[in-house]
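Here are my notes on the salt bridges. Please read them with the model open.

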Amino acid sequence: MEITEKVAYLKGLAEGMELDTEKKEGKLLSKIIDVLEDIALELEEIREAQEELGDGLDAVSDDLEDVEDLLFGDDEEDEEDFEDLDEDEDEACFATTCPTCAEQIFFDDSVLEDGEVICPNCGEKLEFDLNSLDSDDEEDEDE
């Protein structure tokens, strides 16, 4: 039984008892029942508002989950990506400093083989001369 139903039952009992609202006790009981009725109605409105907020929050949560999936991908895909990273750990990683923006740039063998890299910070094209590395290696072998 809901609170509003219980208050309605009390109100019916009071009317059935034919309380004399002209006397102090009857007036007091009548006012108490009126206050209980107001409280019950207020609680019902609060409960309905809470349910609406909960539904809205669920909708926002679902939308946020969709956005996260779009941005970051599914968890299964992420696990596969991490597995791929573990396999690639053996690859060499290189770093250089961009002469234009002075930010450090990291890259792997494939970029080094291409002989150039674009700075992700300022867009400057950096070129590498691998011939000087080969001649340094030959000098090291001669010694």
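Is Lys 125 buried, exposed or partly exposed? Lys 125 is partly exposed, with a relative accessible area of 41%. Here buried means under 20% relative accessible area, exposed over 50%, and partly exposed in between (1.4 Å probe, protein chains only).

1. Basis. This is a predicted model, where local features need pLDDT of at least 70, side-chain atom pairs count only at pLDDT 80 or more, and totals for chains, interfaces and linings use all residues. Residues are numbered from 1 along each chain as its sequence is written, and side-chain values use heavy atoms, with hydrogens and water left out.

2. Count. A salt bridge is a side-chain nitrogen of Lys or Arg within 4 Å of a carboxyl oxygen of Asp or Glu. That rule gives three salt bridges.

3. Lys 125 and Glu 116. Their side chains form a salt bridge, at 3.2 Å from N to O. Glu 116 is partly exposed, at 34% relative accessible area.

4. Arg 47 and Glu 2. This salt bridge has its closest N and O atoms 3.2 Å apart. It links distant parts of the chain: Arg 47 sits in helix H2 (residues 24-72), Glu 2 in the segment before helix H1 (3-16), 45 residues apart. Helices are DSSP runs (H or I, at least four residues), numbered from the N terminus. Arg 47 is partly exposed at 37% relative accessibility. Glu 2 is partly exposed at 43%.

5. Lys 11 and Glu 37. The closest N and O atoms of this salt bridge are 3.0 Å apart. Lys 11 lies in helix H1 and Glu 37 in helix H2, so the pair ties together parts 26 residues apart in sequence. Lys 11 is partly exposed at 28% relative accessibility, and Glu 37 is partly exposed at 29%.

How values were computed: Helix = DSSP H or I, 4+ residues; strand = E, 2+ residues; numbered from the N terminus.
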